Amino acid sequence: MNELKQNSVKPGKTLFYDNKIASLKDIFGTRNIELKGDLLIVNNRRYPIVDDVIILLEPDQYPPALQKRLAGSIKKTAVSADFAEDIQFTFGSEWQQFPDILPEHREEFSQYFDLVNIDDLKHARVCDLGCGIGRWSYFLGDACRELVLVDFSEAIFVARRNLRRRDNAIFFMADINCLPFATPFADFLFCLGVLHHMPVNALATVRKLKSYSPALLIYLYYSLDNRPRFFQVLLSLVTMVRLAVSHVRNEFFRSVFTSVVAITVYLPLISLGALLHKMNLRCSVPLYEGYRGKTLARIRQDVYDRFFTRIEQRFSKKDIAALQDSFKSVVISDTLPYWHFLCKDN
């Protein structure tokens, strides 16, 4: 958890945003914006800038390393009841342990964006909400006019490094539930694998997000509604393990647990699925479809993500289709990952 400390720069003039004032005015919906050293001042509200990341979180929401660095610089306020510090910790820790853009991320990007005409984004401002290490924005940077990356954990600093050559990117550490942005501020917004880990209903949050953009690409964990019944039985067992280990913050334990589960559970099931597939036996094997061909490093990252996150919401295809009460169109992909979907309000 020393990522911020190790990669910090000395306070001073923030050059990265000098040519982005017009964009920031548009994003915040105000002309009253000023860059002053390592601060962004918006309508007299002062936001620190740390390693090119604009900090929009309330001070009591700062991760420990950021609290230490900015101690005493801003008056503290009460934390929202919708803010989950343990989720912030887990994702900050996860993405610092797995900071690299991997080869299989490109294929996953194509899977998530199968519902999107990338060419339509050429002149768009695109928001990556809950960006993690910026792995999807990494492949989208050349296809759009501007990227806005948002994350509430220290992963945002990893994303900044992974997109260090992207001058069309803006980075915010912020709470999805409390974005001080204009409505709308983006032409297209995607939020993949994030909302189901929040302490508020994910579908309700999707409905709220439409105020920020007329088009949303979302991925939520599925309720195994397209799987055999025994998948749900296995899920209940996995859930008991997850709830037990998710409270453990010791990084040595997390690292060992992640490797053991990846090697003793994931890899054998993937191998079994591959064997049955070669034998032309149509048998549903857990994990095979989603993880075949993936490296151990990629599998370990997902194990960490899967078992050390306390909050997990799951939704059926029918649940997602019900969003049609709030959008003009909702298109749900029938392909992996289940379920990702595109909502449009124009």
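The accessible surface of the protein chain in this predicted model comes to about 16,100 Å², and carbon and sulfur atoms account for 53% of that area. Of the 346 residues in the chain, 53% count as buried. The side chains include 44 that are positive and 38 that are negative, and the centres of these two sets lie 1 Å apart.

With regard to overall dimensions, the C-alpha atoms fill a box of roughly 65 × 45 × 35 Å, taken along the principal axes. The radius of gyration of the protein chain is 20 Å, which agrees with the value near 20 Å that a compact globule of 346 residues would have. The chain has 13 helices and 11 strands, and, among contacts with a separation of 6 or more, 66% are accounted for by residues 24 or more positions apart.

Confidence in the prediction averages a pLDDT of 93 over the protein chain, with 93% of the residues scoring at least 70. Over residues 1-12, however, pLDDT stays under 50, and for this stretch the model has 26 contacts beyond four places in sequence. Where pLDDT is low, the predicted coordinates should not be read in detail.

Within helix 12, which spans residues 296-307, is found Gln301. This residue has a relative accessible area of 3%, and because a residue under 20% is classed as buried, Gln301 counts as buried. When residues up to four places away in sequence are left out, Gln301 touches Glu94, Trp95, Phe98 and Arg135.

Several features of the backbone are located in loops between strands. A cis peptide bond, with omega at about 0 degrees, joins Thr183 and Pro184, and Pro184 lies in the loop between strand 7 (169-173) and strand 8 (188-192). Another cis peptide bond, with omega at about -5 degrees, joins Leu336 and Pro337, where Pro337 belongs to the loop between strand 10 (329-332) and strand 11 (340-344).

The loop between strand 2 (39-42) and strand 3 (45-50) holds Asn43, and Asn44 lies in the loop between strand 2 and strand 3 as well. Although Asn43 is not a glycine, its phi is positive, at about 50 degrees; Asn44, also not a glycine, has a positive phi of about 70 degrees.

Methods:
Residues numbered from 1 in each chain as written. Predicted model: local features only at pLDDT ≥ 70, side-chain atom pairs only at ≥ 80, totals over all residues. Heavy atoms only, no water. Helix = DSSP H or I, 4+ residues; strand = E, 2+ residues; numbered from the N terminus. Rg over C-alpha atoms; globule rule 2.2 N^0.38 Å. Buried < 20%, exposed > 50% of the residue type's maximum accessible area, 1.4 Å probe, protein only. Contact = heavy atoms within 4.5 Å. Areas by Shrake-Rupley, 256 points an atom, 1.4 Å probe, with all protein chains shown as cover. Lys, Arg positive; Asp, Glu negative; His and termini not counted. Charge placed at Lys NZ, Arg CZ, Asp CG, Glu CD. pLDDT = per-residue confidence, 0-100.
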